[in-house]
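Here is a short tour for someone meeting this structure for the first time. Keep the sequence at hand and follow along.

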Amino acid sequence: CSSDLIVVVTPSDKNGRVNQTILAAAYELGIDKVFRVGGAHAIAALAYGTETIPRVDKIVGPGNIYVATAKKLLFGQCGIDMVAGPSEVAIIADAAAEPVFVAADLLAQAEHDPLASAILLTDSAELAKNVQIEFEKQLEKLSRKEILLQSSENYCGIILADSMRECIQLCNKLAPEHLGLHVQNAWDMLGQIKNAGAVFLGSYSPETIGDYWAGPNHILPTNGSARFSSPLRAEDFLKTSSVISFTKEAMVKHADKIITFANSEGLDAHANAIQKRISE
């Protein structure tokens with residue numbers, strides 16, 4: 001498709017209607033086309049093109065396990081941002097943290113999907129106990145209770161560490177998608193966090209703000225991939241080309257070394273391309 005064409009695919013509801021908030025956002029952003037289709041088949045349509053949906057150069061955005069798998073399979077046919085999901089959060093909390101807030105933030109992430117993960121890291125046994133009580137109390141009043149029960153049983157937990165230092169070390173090994181720092185010295189601790197997709201500092205910076213309001217893009221690395229990748233950002237929509245220009249004098253100056261490298265790989269045609277130029 002045209003390099004400046006931006007399209008959106010989004011599934012409809014049970015009545016065949018597209019979410020009006022999504023359409024409003026697309027309008028405000030000046031999106032060229034919105035197609036009422038979702039799932040793995042939408043990813044395939046974008047990668048290869050159909051009679052109605054144009055082939056695109058890059059596909060970005062979150063989705064369920066089928067969408068993520070489709071993006072992975074089609075990598076190479078077009079660019080993708082990352083293979084993301086299921087969603088996850090880790091929270092580091094000290095003894096001064098508010099159990100109600102911590103439990104609420106764990107539940108907010110666990111409700112995404114039965115495979116979602118929410119983990120608390122703390123060095124306070126009292127806080128751990130109070131968060132567990134509050135977690136179960138709040139869960140009973142939430143509409144996605146069935147999903148929460150599945151995710152909390154299989155992929156959620158509380159890890160009681162010996163110290164905040166150990167909590168940080170464990171967190172850096174987990175490399176979570178979202179990380180909440182419910183600690184008194186959140187800004188000081190930030191410098192010790194090496195691996196996390198998005199970090200939320202303090203008790204009044206819940207992950208929900210990142211989802212809906214804060215501003216930084218919220219398509220984030222998951223499954224430990226924050227060890228080597230970053231959130232989606234403007235640079236992901238840019239590409240570069242290397243430009244090389246040697247004068248004859250510059251090429252001749254380095255010719256012998258280049259020929260040596262080529263011959264060391266057994267690529268004498270490469271060496272020949274240099275040799276022909278210095279043998280004129």
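Start with one side chain. The side chain of Ser-163 reaches the backbone nitrogen of Glu-166 at a distance of 3.2 Å. The model is predicted, so every value here is computed from predicted coordinates. Ser-163 sits in the loop between β7 and α7, the latter spanning 164–174. Is Ser-163 buried, partly exposed or exposed? Its relative accessibility is 28%, so Ser-163 counts as partly exposed. Glu-265 lies 102 residues from Ser-163 along the chain, and 53 Å separates their C-alpha atoms.

**The sheet**

In what order do the five strands of the open sheet run? The order is β7-β6-β5-β8-β9, and the pairing is parallel. β7 and β9 (198–201) stand at the edges. Each has a single partner strand, so one side of each is left without a neighbour in the sheet. On average, neighbouring strands of this sheet are turned by 15° against each other, direction ignored. Strands of a sheet pair through backbone hydrogen bonds, either parallel or antiparallel.

Look at one pair in detail. Strand β6, residues 117–122, pairs with β7 in the parallel sense over five bridges. Leu-121 has Ile-159 in β7 as its bridge partner.

**A buried asparagine**

Now move to the loop between α8 (186–190) and β9, where Asn-195 is found. Its relative accessible area is 15%, and the limit for buried is under 20%, so Asn-195 is buried. A polar atom of the Asn-195 side chain lies 2.8 Å from the backbone oxygen of Asn-172.

**Cavities and a pocket**

How many cavities of 30 Å³ or more does the structure hold? There are two.

| Space | Volume | Classes of lining residues |
|---|---|---|
| Largest cavity | about 50 Å³ | five nonpolar, three polar, two charged |
| Second largest cavity | about 30 Å³ | five nonpolar, three polar, one charged |
| Second largest pocket | about 240 Å³ | eight nonpolar, three polar, two charged |

Take the largest cavity. Its lining consists of Val-89, Ile-91, Asp-105, Leu-179, Gly-180, His-182, Phe-200, Ser-205, Pro-206 and Glu-207. Two strands of the sheet, β5 (88–93) and β8 (178–182), each supply at least two of the lining residues. Which element gives the most to this lining? That is β8, with three residues.

The second largest cavity has another set of residues around it. Gly-61, Pro-62, Gly-63, Asn-64, Val-67, Ala-68, Lys-71, Met-82 and Ala-84 line this cavity.

The second largest pocket has a volume of about 240 Å³. It is lined by 13 residues, and the closest to its centre are Gln-132, Phe-135, Glu-136, Ser-152 and Ile-158. Three elements each supply at least two residues of this lining: α5 (125–139), α6 (145–155) and β7 (156–160). α5 gives the most, with five residues. β7 is also an edge strand of the sheet.

**Backbone exceptions**

Most residues other than glycine have a negative phi, and most peptide bonds are trans.

The bond from Gly-85 to Pro-86 is cis, with omega near -10°. Pro-86 lies in the loop between β4 (79–80) and β5.

Another is Ala-175. Its phi is near 50°, a positive value in a residue other than glycine. Ala-175 lies in the loop between α7 and β8. Is Ala-175 buried or exposed? Its relative accessibility is 0%, so Ala-175 counts as buried.

Asn-223 also has a positive phi, near 55°. Its loop runs between α9 (207–212) and α10 (248–264). The cut-off for exposed is over 50%, and Asn-223 has a relative accessible area of 53%, so Asn-223 is exposed.

How values were computed. Residues are numbered from 1 along each chain as its sequence is written. This is a predicted model: local features need pLDDT of at least 70, side-chain atom pairs count only at pLDDT 80 or more; totals for chains, interfaces and linings use all residues. Side-chain values use heavy atoms; hydrogens and water are left out. On a 1 Å grid over the protein atoms alone, a cavity is a set of points where a 1.4 Å probe fits but cannot get out, and a pocket is an open set with protein on both sides within 12 Å along at least five of seven lines; lining residues have an atom within 4 Å of a point. Grid points are joined across faces, edges and corners, and a volume is the space filled by probe spheres set on the points. Helices (H or I, at least four residues) and strands (E, at least two) are DSSP runs, numbered from the N terminus. Ala, Val, Leu, Ile, Met, Phe, Trp, Tyr, Cys and Pro count as nonpolar, Asp, Glu, Lys and Arg as charged, and the others, Gly among them, as polar. Buried means under 20% relative accessible area, exposed over 50%, partly exposed in between (1.4 Å probe, protein chains only). A polar contact is a pair of N or O atoms within 3.5 Å; within protein, one must be able to donate a hydrogen and the other to accept it, and residues adjacent in sequence count only if both atoms are side-chain atoms. Two strands pair if DSSP finds at least two bridges between them. Axes are lines fitted to C-alpha atoms, for helices over the stretch in contact, and angles run from 0 to 180 degrees between N-to-C directions.
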